[in-house]
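Please keep the sequence and the structure in view while reading.

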Amino acid sequence: MLEPVEKIWMDGKLVPWADANVHILTHSLHYGLAAFEGIRCYKGQSGSAIFRLQEHVDRLFDSAHIGMMEMPYDRKQIADAIVETVRANRLDACYIRPLVYIGYGAMGVHPGNNPIRIAIAAWRWGAYLGDEALANGMRARVSSFTRHHVNVSMTRGKISGYYVNSILAKREAKVDGYDEAIMLDPEGYVSEGTGENIFIVRRGMLKTTPLTSILEGITRSSVMELARERNIPVVEERFTRDEMYVADEVFVTGTAAELTPVREIDNRRIGTGKPGPVTLALQKAFFAIVRGEDPAHQAWLTRV
């Protein structure tokens, strides 16, 4: 359950948490066209900081553009509003959710001239897949649900309605006793999780799905950069589910999931069944950055 905080930013104003409401006939509620972001603020040695704020704001604007929703604020105003929301709620660490949606007005599939609304909420949220999974790895299954085809939904957009696919896959996995689902693309290659990008390590090579049927993850790109800095070869290349089974290591990345190891897929142990050396090294490097312990990547942090 969410733990309420004091304020949510809505269309330029901070309003009390309990009053942050919309009309039941809000267009996006019925038809699913909205754009959102997931952003984290971390508590560090020298205070709190938001991880890669500008990149998240840029992706929010890209998603809105893909969805033909004209933003009523510019990028700086949204970035400033995100910082303002965290500060107003006196949160030293939190998850941040900006949402761009089509408001009340015309109904039917075409939204007409309905207003474009924006909300920004923040709340305390720990490890998305659990502390145990973060430390020792999670169990996943390949889903019976296929990830999006590029001409069915435009995968560069972080669009709310796309996540019905994720909900179905996640529910299936949880009912079957797994922590997470891994989805294949329409041609049968590994795509992504319900909210994470996927990496495998095999024979010293770090491999991740190319930007075809997946969201362009910001944590994904960060981890790829960290790997290259450590002279770990990185390739963006399609791979099959059985290549995951025989990988030395598998892990997933995302704002919510951060960098979570995978110890088992479809009842097959991955590697030794424990987080491997590449996973651990990249996980350590990632958390050192977000906690302000790595001076080489201060540009990735926006102080609150």
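## Terms and basis

A residue is called buried when its relative accessible area is under 20%, exposed when that area is over 50%, and partly exposed in between, as computed with a 1.4 Å probe on protein chains only. The model is a predicted one, in which local features need pLDDT of at least 70 and side-chain atom pairs count only at pLDDT 80 or more, while totals for chains, interfaces and linings use all residues. Residues are numbered from 1 along each chain as its sequence is written, and side-chain values use heavy atoms, with hydrogens and water left out.

Although Asp-11 is not a glycine, its phi is positive, at about 50°. Most residues other than glycine have a negative phi.

Arg-90 also has a positive phi of about 50° without being a glycine. Its place is the loop between H3 and E6, and at 60% relative accessibility Arg-90 counts as exposed.

## The largest pocket

A pocket is found on a 1 Å grid over the protein atoms alone, as an open set of points where a 1.4 Å probe fits, with protein on both sides within 12 Å along at least five of seven lines, and its lining residues have an atom within 4 Å of a point. Grid points are joined across faces, edges and corners, and the volume is the space filled by probe spheres set on the points. The largest pocket holds about 720 Å³ of space. It is lined by 34 residues, of which Phe-36, Lys-158, Tyr-163, Thr-194 and Gly-195 are the closest to its centre.

Strand E6 (94-102), helix H5 (163-175), helix H6 (218-229) and strand E14 (249-254) each give at least two residues to this lining, and the largest share, four residues, comes from H5. By class, the lining of the largest pocket comprises 13 nonpolar, 13 polar and eight charged residues, where Ala, Val, Leu, Ile, Met, Phe, Trp, Tyr, Cys and Pro count as nonpolar, Asp, Glu, Lys and Arg as charged, and the others, Gly among them, as polar.

## The second largest pocket

The second largest pocket contains about 610 Å³ of space. Its lining has 23 residues, and Val-22, Arg-97, Leu-99, Tyr-101 and Ala-119 lie nearest its centre. Two or more lining residues come from each of strand E1 (7-10), helix H1 (27-31), strand E3 (34-36), E6 and strand E7 (116-123), with E7 giving the largest share, four residues. The classes in this lining are 16 nonpolar, six polar and one charged.

## Nonpolar cores

In soluble globular proteins, nonpolar side chains tend to be buried together. A nonpolar core is a set of buried Ala, Val, Leu, Ile, Met, Phe, Trp, Tyr and Cys residues joined through side-chain atoms within 4.5 Å. The largest such core here has 44 residues, and those with the most contacts inside it are Ile-50, Leu-53, Met-71, Ile-78, Ile-82, Ile-96 and Val-100. Elements that supply two or more of its residues are E1, E3, strand E4 (39-44), helix H2 (53-66), helix H3 (75-88), E6 and E7, and the largest share, seven residues, comes from E7. Apart from this core lies another, of 24 residues, which include Phe-51, Phe-251, Ala-285 and Trp-300.

## Cysteines

A disulfide is counted as a pair of cysteine sulfur atoms within 2.5 Å, and a search of the whole structure finds zero disulfides. For Cys-41, the closest cysteine sulfur is that of Cys-94, at 4.6 Å, which is too far for a bond. Cys-41 is buried, with a relative accessible area of 2%, and Cys-94 is buried with a relative accessible area of 2%.

Leu-184 is found in strand E9 (residues 180-184) and is buried, with a relative accessible area of 10%. Not counting residues up to four places away in sequence, Leu-184 touches Val-142, Phe-145, Thr-146, Arg-147, Tyr-189, Val-190, Ser-191 and Arg-241, contact meaning heavy atoms within 4.5 Å.

Asn-165 lies in helix H5 and counts as buried at 13% relative accessibility. With neighbours within four places in sequence left aside, Asn-165 is in contact with Phe-145, Thr-146, Arg-147, His-148 and Met-183.
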